[in-house]
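Good morning, everyone, and thank you for making time for this. Please have a look at the structure on the screen, and then I will go through it piece by piece.

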Amino acid sequence: MFALDIILGSVTIRISDVLKTIFGNAYTEYSSIIIKFRIPKAITALLAGIALSVSGLQMQTIFRNPMAGPYVLGISAGASLGVAFVILGFSEYFSPYSIKTFGNWALAAASWLGAGIVMIIMMYISLKVKDILAVLILGIMLSGGISSIVSIMQYFSNETMLKSYVIWTMGSLGNLSSAQLKVMAASIIAGILLTLISLKMLNVLLLGETYAESLGLNLKTARILVFTATCLLTGTVTAFCGPIGFIGIAVPHIARIIFRTSDHYLLVPSVILLGGIIMLFSDIVSQLPGTGKILPVNAVTSLVGIPVVIWVVLRARKYSSAL
Amino acid sequence: MTDSENKIILRINSLLIGYRKGKEVRPLLHPLNICAERGELIAVIGANGTGKSTLLKTIAGLLPPLGGEILIDGRNLKEYTRGEIATKSGFVSTEQVKVDSMKVTDLIELGRYPYTSWTGRLKEKDYEMINCAVEKTGLKNMAQRFINELSDGERQKAMIARLIAQDTDIMIMDEPTAFLDIRHRYEIIHLLRTLSAEKNKTILFSTHDLPVVINECDRVWLIAGQNVFDGAPEDIVLKGLLDKLFSDEDVVFNPYDANFGYKKEFRKEINIYGNGFEKHWTEKAFNRAGFRCVSNKTDNEVTVAQDSEGLFWIYCDKNTRSLKLRSVYDLLKWINTLQLK
């Protein structure tokens with residue numbers, strides 16, 4: 001899939017040319033497209049897919065809610081509010097040059113912060129409201145509220161800033177500089193490592209917090225670990241690729257359907273695998289290979305994810321409070 | 001002699017349970033002093049809202065006590081880490097656990113959580129405990145099924161199996177027999193009985209199921225008002241404590257059939273002639289209809305007897321005498337037509 005993503009794109013490149021560029025030193029007219037554009041984009045897609053899916057899985061476990069995911073619970077929206085603050089609010093204090101060096105981390109950090117705040121709000125809500133669908137609706141409301149704050153901010157900002165923000169919201173995998181890609185890769189790897197440390201905790205959290213505690217889980221540690229991991233993962237992807245919907249909620253369910261397990265030692269690797277594959281696939285489709293046109297990747301991921309979400313809602317009705 | 005040397009596994013000293021709301025402390029019960037020995041099956045009974053769940057959760061270390069101390073094996077619960085508590089006492093709550101794609105074995109394996117390293121890998125001893133739990137609960141041919149597909153009773157057994165796998169000295173369960181049909185209820189009680197007898201577990205469970213308590217438990221902690229009464233079930237019955245279970249005076253305990261009933265006012269008297277079983281059930285019917293059953297001579301009499309066609313009942317008083325009636329239902333109907341005062 002990774003290879004396919006490099007090969008297929010809006011500009012048709014012959015496979016032989018791709019291979020020549022990668023394995024030979026021969027310079028063809030397509031080399032710069034491949035090296036500067038396609039490979040970074042494929043890596044971005046892979047990282048974004050993995051990060052969103054893993055954070056979605058963790059949210060579903062810790063909220064004990066099959067409808068949880070970075071996008072539907074408004075975590076992505078929170079992250080984008082953080083980004084909006086940086087791009088729309090403060091960019092006038094930075095020269096274009098300083099944004100490039102220092103700005104990437106600022107962007108990421110603002111995004112983590114935004115994601116974290118919404119995550120805390122949603123955790124509080126889910127403690128009070130036990131109904132799965134009610135939590136979902138509140139998440140969407142929160143998303144909507146945050147979006148309107150962002151649009152008010154847009155209204156008061158100048159044209160260049162607005163333009164860069166609007167482009168960002170389209171959700172793009174292809175606009176990352178290599179410096180940005182490094183920041184993204186580092187943060188996501190950190191997030192994944194935190195997840196791997198907390199696998200055992202995630203398993204026992206499936207039973208709910210009371211049982212987890214009675215089995216000896218230190219709830220505070222577990223919450224902090226999972227919380228940090230999800231904010232890192234969701235925040236980073238949102239910071240650099242814009243809000244990408246429905247991957248985080250759908251991929252864990254696809255993994256459960258295929259592997260029929262609730263064990264995180266199996267689920268996390270399979271979600272990493274599937275998340276990467278599905279995101280690369282969405283990216284390929286969004287390039288509309290051979291046509292020279294590009295769709296926003298968000299549209300494709302929604303089309304992939306929404307049927308899964310609908311299926312889960314219908315099934316959750318059957319099990320009343322099933323996860 | 002300290003607690004760790006003798007049979008006492010759990011000792012509670014002037015414990016205050018309840019909730020804190022801001023700075024305000026709301027204890028549910030008077031300071032509690034009580035203890036439990038190894039291998040005892042103890043039922044906690046009390047009306048809804050008296051603090052059964054709170055007491056159990058506090059002992060399980062899931063709620064902080066408002067005061068006093070809980071000693072497990074002679075050591076204060078506060079000095080244990082979470083992980084250490086999990087090897088001493090385990091808990092099954094009333095919450096229905098429904099996890100997508102989780103198999104019965106996955107659930108039971110989670111019981112080994114306190115014993116595995118962070119990689120969660122199971123060792124031989126862990127598998128031994130898991131198999132033992134599966135066997136004890138009779139879940140062998142359900143081990144590979146998903147817990148969402150189980151009936152309430154089967155899922156409850158799986159939850160208990162998880163607790164068995166946790167292998168703790170004290171097992172605490174909040175209404176393990178609620179929502180279950182009679183068969184599963186007895187299976188689970190029998191299971192608890194076996195565990196306490198064979199594996200020397202101390203089992204502390206709350207229930208509303210009085211006949212079970214009286215027939216099976218070693219000990220009862222009865223919560224009434226803000227006090228906890230402790231004793232063998234028979235002690236509780238003989239001291240008349242069960243009448244205190246509900247503050248409502250209209251619901252009273254009937255010590256003969258070990259159950260509760262709504263207090264009745266008897267306005268009429270009747271004398272029933274007959275033998276054992278048939279007499280007992282006929283009396284029951286007349287109690288329901290508002291008659292006090294007496295054995296001295298009164299105006300109204302019923303005789304229950306048997307002929308070649310089966311049981312029959314005959315009613316007579318000063319003026320009337322019924323035919324042979326063939327069922328209690330017909331008898332009561334016939335008496336209703338007399339409009340007795």
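Let me begin with a question: which residue in β9(B) does B:Phe91 stand opposite? Please keep in mind, as you look, that this is a predicted model. The residue that stands opposite B:Phe91 is B:Ile172, in β9(B). The two strands concerned, β8(B) and β9(B), the latter spanning residues 170–173 of chain B, run parallel and are joined by four bridges.

That brings us to the sheet around them, which is an open one of six strands in chain B, arranged in the order β8-β9-β10-β5-β11-β12 with mixed pairing. Its edges are formed by β8 and β12 (227–231) of chain B, each of which pairs on one side only. On average, and with direction ignored, neighbouring strands of this sheet are turned by 15° against each other.

Two helices that pack on this sheet deserve a word. Helix α1(B) touches β5 (41–46), β8, β9, β10 (202–206) and β11 (219–224) of chain B, and its direction makes about 140° with that of β5(B). Helix α5(B), for its part, touches β8 and β9 of chain B, with its direction at about 170° to that of β8(B).

Chain B also has an open sheet of four strands, in the order β4-β1-β6-β7, and here the pairing is antiparallel. Because β4 (32–37) and β7 (75–76) of chain B stand at the edges with a single partner strand each, one side of each is left without a neighbour in the sheet. Within this sheet, β1 (residues 8–16) and β6 (residues 67–72) of chain B pair in the antiparallel sense over five bridges, and B:Arg11 has B:Leu71 in β6(B) as its bridge partner. Helix α1 (residues 52–59) of chain B packs on this sheet as well, where it touches β1, β4 and β6 of chain B, and its direction makes about 120° with that of β1(B).

Conventions. Residues numbered from 1 in each chain as written. Chains lettered and ligands numbered in written order. Predicted model: local features only at pLDDT ≥ 70, side-chain atom pairs only at ≥ 80, totals over all residues. Heavy atoms only, no water. Pairing = 2+ DSSP bridges. Contact = heavy atoms within 4.5 Å. Axes fitted to C-alpha atoms, helices over the stretch in contact; angles between N-to-C directions.
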